[in-house]
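Colleague: Before I rely on any of the terms in your description, I would like to hear how each one was decided. Could you take me through them with the model in view?

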Amino acid sequence: MSEKQHMDEHCKELCNRLSEYIDGEIDDADCEKIAAHLKGCEKCITHIETLKKTKELCSHLKDKKVPETLSAKLDDFIRGCK
Amino acid sequence: MSPVNQISSTVKDEDYDLVNAIKSGDKEKFRDLVNKYEQRLFNFGFKMCGNPDDAEDLVQETFINVFRYLEGFRHEAKFRNWLYKIATSICLKTKRKSKFAPEQEVSLDEYAEREPADSSSSTPDWAVLPVDKVLNDELSGVIRNAIVTLPKNYRLVVVLRDMEGFTTEETAKILEITPANVKVRLHRARLYLRDQLKDYKGEAE
């Protein structure tokens with residue numbers, strides 16, 4: 001296996017664990033392994049940055065206001081519960 | 001069964017007293033419960049269904065079921081987790097599709113063994129700029145539309161984990177799947193959403 005092929009296999013293996021890495025759900029040994037790899041692999045750095053930002057954007061989506069129609073329906077329901 | 005096996009721990013969460021008051025007959029307190037969760041549940045429904053009408057139906061049906069089954073709730077989990085378990089089970093039963101959903105459900109199998117893309121293209125602006133500079137209405141719309149095109153079992157995981165803030169363990173319990181399964185689905189869903197954003201070139205605010 002060439003060095004490039006070896007690197008690609010390594011990237012692929014690490015790539016599958018990047019969400020766990022971002023979420024801090026990975027053990028220390030694997031965490032160090034990924035951190036070391038990220039120091040020297042631009043492809044994986046771009047990959048992890050875009051993945052992290054995707055997570056961040058999802059968590060910051062603005063809330064939609066509850067429609068008045070729903071609040072009125074829930075009010076009716078609560079009144080009927082008594 | 002031994003007495004030890006019969007003991008289940010009681011979770012005294014922030015809703016413990018409120019729930020017990022309702023169970024003891026103070027039905028007026030049910031309004032407090034609804035007021036507390038209607039906004040969050042509506043937004044959960046909106047992300048899951050992609051439109052306000054279906055989200056409204058989801059919230060209504062969830063509260064109807066909460067009222068019906070609250071008597072049997074034994075505080076074995078946080079109330080919030082139980083509430084979302086009800087909401088997700090309604091979501092899973094709903095056959096109606098979002099108008100944004102593709103005719104044929106997308107497959108996330110290709111994300112099983114994903115190699116990072118070539119770095120010849122530079123990191124896009126949306127991934128470099130701070131969230132408050134980039135997350136405008138246009139990008140929010142792109143993300144929301146991408147979420148509803150996810151298969152439902154992936155959509156539920158990414159919404160519960162990344163948007164509603166449940167942990168891996170909590171999500172696993174809500175969906176009755178293993179934590180490992182949550183992690184796999186979450187990773188594939190994030191990769192899919194990331195790919196849908198890949199070519200976004202909107203103006204930063």
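This is a predicted model: local features need pLDDT of at least 70, side-chain atom pairs count only at pLDDT 80 or more; totals for chains, interfaces and linings use all residues.

Colleague: How do you know that chain B is in contact with chain A?

Modeller: Contact means heavy atoms within 4.5 Å, and 54 residues of chain B are in contact with 43 residues of chain A. The buried area, which is the accessible area (1.4 Å probe) that two parts lose on being put together, summed over both, is about 4500 Å² between chain B and chain A, with carbon and sulfur atoms giving 62% of that area.

Colleague: What makes the pair Arg190(B) and Asp23(A) a salt bridge?

Modeller: The term asks for a side-chain nitrogen of Lys or Arg within 4 Å of a carboxyl oxygen of Asp or Glu; for Arg190(B) and Asp23(A) the N to O value is 3.0 Å, so the pair is a salt bridge. The pair crosses between chains, from helix α11 of chain B to the loop between α2 (18-22) and α3 (28-40) of chain A, where helices are DSSP runs (H or I, at least four residues) numbered from the N terminus.

Colleague: Why is Arg161(B) with Glu25(A) also called a salt bridge?

Modeller: The closest N and O atoms of Arg161(B) and Glu25(A) are 3.8 Å apart, and the pair therefore meets the rule.

Colleague: Why are α9(B) and α11(B) called roughly perpendicular?

Modeller: Their axes, lines fitted to C-alpha atoms over the stretch in contact, with angles from 0 to 180 degrees between N-to-C directions, come within 9 Å and cross at roughly 90°. Angles of 65 to 115 degrees count as roughly perpendicular, and α9(B) and α11(B) are therefore given that name. Among the residues that make the contact are Tyr154(B) and Arg161(B) of α9(B), and Leu186(B) and Arg190(B) of α11(B).

Colleague: What makes α3(B) and α8(B) roughly perpendicular?

Modeller: α3(B) and α8(B) pack at an angle of about 70°, with their axes 7 Å apart, and they are therefore roughly perpendicular to each other. Phe46(B), Lys47(B), Met48(B) and Cys49(B) in α3(B) meet Arg144(B), Ile147(B) and Val148(B) in α8(B).

Note on methods:
Residues are numbered from 1 along each chain as its sequence is written. Chains are lettered from A and ligands numbered from 1 in the order in which they are written. Side-chain values use heavy atoms; hydrogens and water are left out. Helices (H or I, at least four residues) and strands (E, at least two) are DSSP runs, numbered from the N terminus. Angles under 35 degrees count as roughly parallel, over 145 as roughly antiparallel, 65 to 115 as roughly perpendicular and the rest as oblique.
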